Amino acid sequence: VTFSLKLLVLTVATQETDGFRRFLKSARNFNYTVLGRGQKWSGGDYMSAPGGGQKVRLLKEALQETKSEDQVLLFTDSYDAVFASGPKELLRKFQQAKHKVVFSSERLIWPDRHLEDKHPHVREGNRFLGSGGFMGYLSNIREMVSNWTGEDADSDQLFFTKIYVDPDKRKSINMTVDSRCRLFQNLHGALDDVVLKFEDGRVRARNVLYDTLPVLIHGNGPTKLQINYMGNYIPKSWTFETGCTVCQDDLRSLAALKDSEYPLVSIGIFIQQPTPFVSVFFERLLKLEYPKDRLKLFIYNQEPHHEPQVSSFLRDHGGLYQDVRSITPKEDMDSAAARDLALDICRKDADCDYFFNLDIEVVLKNEKTLKILIEQNLPVVAPMITRAGRLWSNFWGAVSAEGYYARSEDYVDIVQGRRVGVWNVPYVSNVYLLKAHLLRSQLKDSAVFTSHSLDPDMAFCHSLRSAGVFMFVTNMQTFGRILSTENYQSTHLHNDLWQIFENPVDWEERYIHQNYSRIMRDKLIETPCPDVYWFPVFSDVACNHLVEEMEHFGKWSGGGNTDTRIQGGYENVPTIDIHMNQINFEKEWQKFLVEYVAPITEKMYPGYYTKAHFELAFVVRYRPDEQPSLRPHHDASTFTINIALNQLGQDYQGGGCRFLRYDCSIQAPRKGWALMHPGRLTHYHEGLPTTAGTRYIAVSFVDP
């Protein structure tokens, strides 16, 4: 086999699409010489009707200029093709085919089924010719296209097929098809035959039917998404040995820019249903690392329940941003229309460089997210976020024929971080960054999100795929998570308190004391009196919310001995209180005790295992003019938890707890800290008088 042959790759690219750039990248990787012909496309609509005659005309014109006769030409589609190997292997396999022109092969015949019987039979493999890729000697290809007189919109496939099925012409040009896919792999009709083969530091596509390693992979017809998937790996974009090799390419650094030179970003915030932790979302938005005067906000709220949070954010912080536009529930705009409007505002604003979509249920923990996404310099890129402890994420690895979710082979590995990189995917949602110039070029139509049959997010991704725009998801960093909005009740004052089951991670961040996790490690538990333990458990916000919730409910007990709320109806040592079950909080309180108190009980009282079962859990209110103190008593519990819900000095004077047997008092209760002590026998105690203001404590009698 001689390698004196000169190989030239010819392709027709009428616009520089994301797919064309990917093709060129794979060609450069193997040092192919590529000549592209850029002309306005008039070759018909590829995806549906036959077309492509323009390619033959341009090829015919190019051949008249090329003189060198020992030249071998490879003619290929480029928007949906990638090289898996280099020119040396390609030329070797071409020479082994022992013909002067070799076409890619297809399992399916197209566009004229009547020509089926005229195709010569092959020993093994595909019989039918595919025009998406062929190679041959210059003179033979010149002869083959010499009598082309068709229109630009005629079918190139039909033209070549008619030559191939004519025995005389086939012999004269000396042409064949690559029936076993040694050179070319067309994916249409062959998806189950082709798998990724991970070699040492590179990736090939392997045809398992014929056990071949094709050199050029072509996602013809409806297989664009499969070539996108394979292009995440082939030829060595991501391998097990190297990880991602292309993730640092073509980055756009923001490091040297002054604040005033940062790209202008329009952030679209969308509230479509009652959602927990909305005020936390806005706190995070404020912390996003980006010059605020280079941000414009578009806030769409469909949910009257969230109007107070939106308006208080705009009132307190709206002035920090370059511009704010908000749409309220009164305007009665549907979500697809609102999303289209947000894009259109950016499209028509010459200064708008990027559109950043941020749905309200997104928990963006990484304050650098926006900068990281801009630096990736991709057409559309989403930071991967997941639901805590679930495989759910904001991207799909594949799409079914009906346009719905399908799981790709690598989906779980990407979600769980076993494969890290930047991935070309068919669907992103909830949070993503889009280059604004796409809105002025490939997405000019103002209805990007609106569709009769698809949800807005699916319609959006369908619009991008139809325009040949690539979407990416990155899991190179940890960005955050997404909230569950199921079972969110909006009947309380502070509904987030009830989220301990549905969104436990967010509940803990909001309501558990920041030092709680250090209790065991750094020995934060104090022992102010014998067998009395004192430790931080509630955040300030938790204390405030619980007090406000009780005052909002407002049905404080009278403090008399008769109490219909408890078994037997008689309270020996009455307090002015509201029980957790009166505000439907007993299941949540039980969960709190099991998760955050039981582990400490078991550590401090070794050998005792609590079920964290309680008969009574309530919030007590002490006031000088109401009930200032509590006479000595035992609790009806194995142990008692008593959490201070407000601040001595600032909210009240006096107060505290005295254990009589040890003559030991805790007189400066700390807000959010819990006192834990045995209830019966040893720890006879009293509530010391509150002398001014109002003191609140949360009390639980555990394991009665």
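**Strands, a helix and a loop**

Three bridges join strand β35, residues 657-659, to β36, and these two strands run antiparallel. Within this pairing, Cys657 has Ile666 of β36 as its bridge partner. Please note that this is a predicted model, in which local features need pLDDT of at least 70, side-chain atom pairs count only at pLDDT 80 or more, and totals for chains, interfaces and linings use all residues. Residues are numbered from 1 along each chain as its sequence is written, and side-chain values use heavy atoms, with hydrogens and water left out.

Strands here are DSSP runs of E of at least two residues, helices are runs of H or I of at least four, and both are numbered from the N terminus. Two strands pair if DSSP finds at least two bridges between them.

The strands β35 and β36 belong to an open sheet of four strands, in the order β32-β38-β35-β36, with antiparallel pairing. Because β32 (630-633) and β36 (664-666) stand at the edges with a single partner strand each, one side of each is left without a neighbour in the sheet.

I turn now to helix α11, residues 369-376. Six of its eight residues are buried, that is, under 20% relative accessible area with a 1.4 Å probe and protein chains only. Among them are Leu370, Ile372 and Leu373. Just after α11, Asn377 takes a positive phi of about 60°.

Finally, Asn232 lies in the loop between α7 (224-231) and β12 (238-239). Asn232 counts as buried, at 9% relative accessibility. Neighbours within four places in sequence aside, Asn232 is in contact (heavy atoms within 4.5 Å) with Ser237, Trp238, Val422, Trp423 and Asn424.

Technical notes
Buried means under 20% relative accessible area, exposed over 50%, partly exposed in between (1.4 Å probe, protein chains only).
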